[in-house]
Amino acid sequence: TAAQKLINIDHVSAIIGGVCSGETLGFAPIANEKKVIAISPSATSPDISTKGGPYIYRFAPSDALAGKVAAAYAINDLNFKRAAVISENTDYAQGLRKTFVTSFKLLGGEVVVDEAYNTGVTDFRTQALKIKNANVDVIYVIPQSAAPGLNILKALSDQQIKAKRLTAEAMLSRDAAKENANVMEGLVGFEAFFQEDAPAAQEFIQAYKDVYHEELAYPFYMSNSYSEVFLLKDLLDKNNGDTEKVRDALDRLKHWTGGSSSDVSLDESGDIQWRTYAVKEVKDGKIDSVRTFTLE
C-alpha cells in the first residue's frame, strides 16, 4: 500500500527501502512494473537476489553470506559441534536460519534443535526447555527485531542454560545493549563490517550525533541509507530522471564512493559485493568488536 502511494500518487522515481526483507519483496513487483528504482539499505534475505527483479538493489549483503559466517565462527573459532537454532517466521530470519543450518552441517556440526516461532510470541519457556534437554554447545538466536530476542535470552537464562549465545545484526542495536546489559551480556553477533573510523563515516556519525544527540543504533545500515541519497541524486541528475538509464548505471556500478560509503560495487543480482563481517560481543552494555571475518 505504501509503495502504491509513492509510485502512483506521488510519482517518485526511486525509493530508499525497504528496511526489512518482507516489505522489500512485497513491493518489488510494483516497483518493477512501474520501472521505479528501489535500493534497500538493510534487507538481507537471499530471496531478494533471485526474486527482487531488475529494479531492486541493496547495499546490505545477503544472509546467504551472514549465515555462513556464523556457522564458520561457531565451528572453527569456538570449536562447537552441537547447535540449537531458534528463529522467527519472517523472510529475514528464515534466510539466516537456512544458510546457518546448511553451513553448520557441512562443516561437521549437528543441529540438534531447530525451533521456529511466529511473530508476536512472547513466551519461550517451551523452546528453552527443549534446548536445555538437548545439551547443546551453542544457540543461534534469530529474531526479526531485538524485542523477541530479549525474551528468548531471558527464557534461556531462566532455565540456567550455559551454552554460548550467537545472534544476527537485528539484535545488535546499540540501544538494546545499553538498556539490557545483563540479559545480553556475552552475546556474540555478526554484522557487515563498517569502517567507522574512515573520514567520510566519521563525518556522518558526528553529524548524526549533533542533530539527534544519540548514538547510531545500527551504524552500517544507517550509513547505507545516507549514502543511497547521494547515489540516487547523482544518477538521476546524470540521466535526466530516466530510471531505465539509472538501472543500467547501477548494473555497472563499480567502486563508487559517496555519502559515508566508499568503494561500493554491485553484482549481477543487484547486491552489494561484500565479504567482510565484524564479530561483535556485548560487554557491560556496549557492543565491542572481537575481530573481522572475511569469507573466502
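Guide: A pocket here is an open set of grid points, where a 1.4 Å probe fits, with protein on both sides within 12 Å along at least five of seven lines. In this predicted model, the largest pocket holds about 630 Å³ of space. It is lined by 26 residues, and those closest to its centre are R174, E196, E215, L216 and I287.

Visitor: Which elements each supply at least two residues of that lining?

Guide: The helices α8 (174-179), α10 (199-212) and α11 (219-238) each do, and the strands β8 (188-192), β11 (276-283) and β12 (286-294) do as well.

Visitor: How many residues of each class does the lining of the largest pocket have?

Guide: Asp, Glu, Lys and Arg count as charged, and the lining of the largest pocket has 13 charged residues, with 10 nonpolar and three polar ones beside them. Among the residues closest to the centre, R174, E196 and E215 are therefore charged, whereas L216 and I287 are nonpolar.

Visitor: What makes up the lining of the second largest pocket, by class?

Guide: That lining has 10 nonpolar, 10 polar and two charged residues. The second largest pocket, with about 420 Å³ of space, is lined by 22 residues, of which F193, Q195, S262, D263 and W274 lie nearest its centre. Two or more residues come from each of α10, α11 and β10 (261-264), and β10 gives the most, with four residues.

Visitor: What makes a space a cavity and not a pocket?

Guide: In a cavity the probe fits but cannot get out, whereas a pocket is open. The structure holds one cavity of 30 Å³ or more, and about 70 Å³ of space lies in the largest cavity.

Visitor: Which residues line the largest cavity?

Guide: They are E169, E191, A192, Y218, P219, F220 and Y221, divided into five nonpolar, no polar and two charged.

Visitor: Why is Y226 called partly exposed?

Guide: Buried means under 20% relative accessible area and exposed means over 50%; Y226 has 32% relative accessibility, which lies in between, so Y226 counts as partly exposed.

Visitor: What does Y226 form together with I16, V229 and F230?

Guide: These residues form a nonpolar patch on the surface, with about 340 Å² of accessible area together. Y226 has its place in helix α11, and α11 gives the most to the nonpolar patch, with three residues.

Definitions and conventions. Residues are numbered from 1 along each chain as its sequence is written. This is a predicted model: local features need pLDDT of at least 70, side-chain atom pairs count only at pLDDT 80 or more; totals for chains, interfaces and linings use all residues. Side-chain values use heavy atoms; hydrogens and water are left out. On a 1 Å grid over the protein atoms alone, a cavity is a set of points where a 1.4 Å probe fits but cannot get out, and a pocket is an open set with protein on both sides within 12 Å along at least five of seven lines; lining residues have an atom within 4 Å of a point. Grid points are joined across faces, edges and corners, and a volume is the space filled by probe spheres set on the points. Patches are made of residues with over 30% relative accessible area and no salt bridge: like charges are joined within 9 Å, nonpolar side chains (Val, Leu, Ile, Met, Phe, Trp, Tyr) within 5 Å. Accessible areas come from the Shrake-Rupley method with a 1.4 Å probe; for residues, only the protein chains shown count as cover. A salt bridge is a side-chain nitrogen of Lys or Arg within 4 Å of a carboxyl oxygen of Asp or Glu. Buried means under 20% relative accessible area, exposed over 50%, partly exposed in between (1.4 Å probe, protein chains only).
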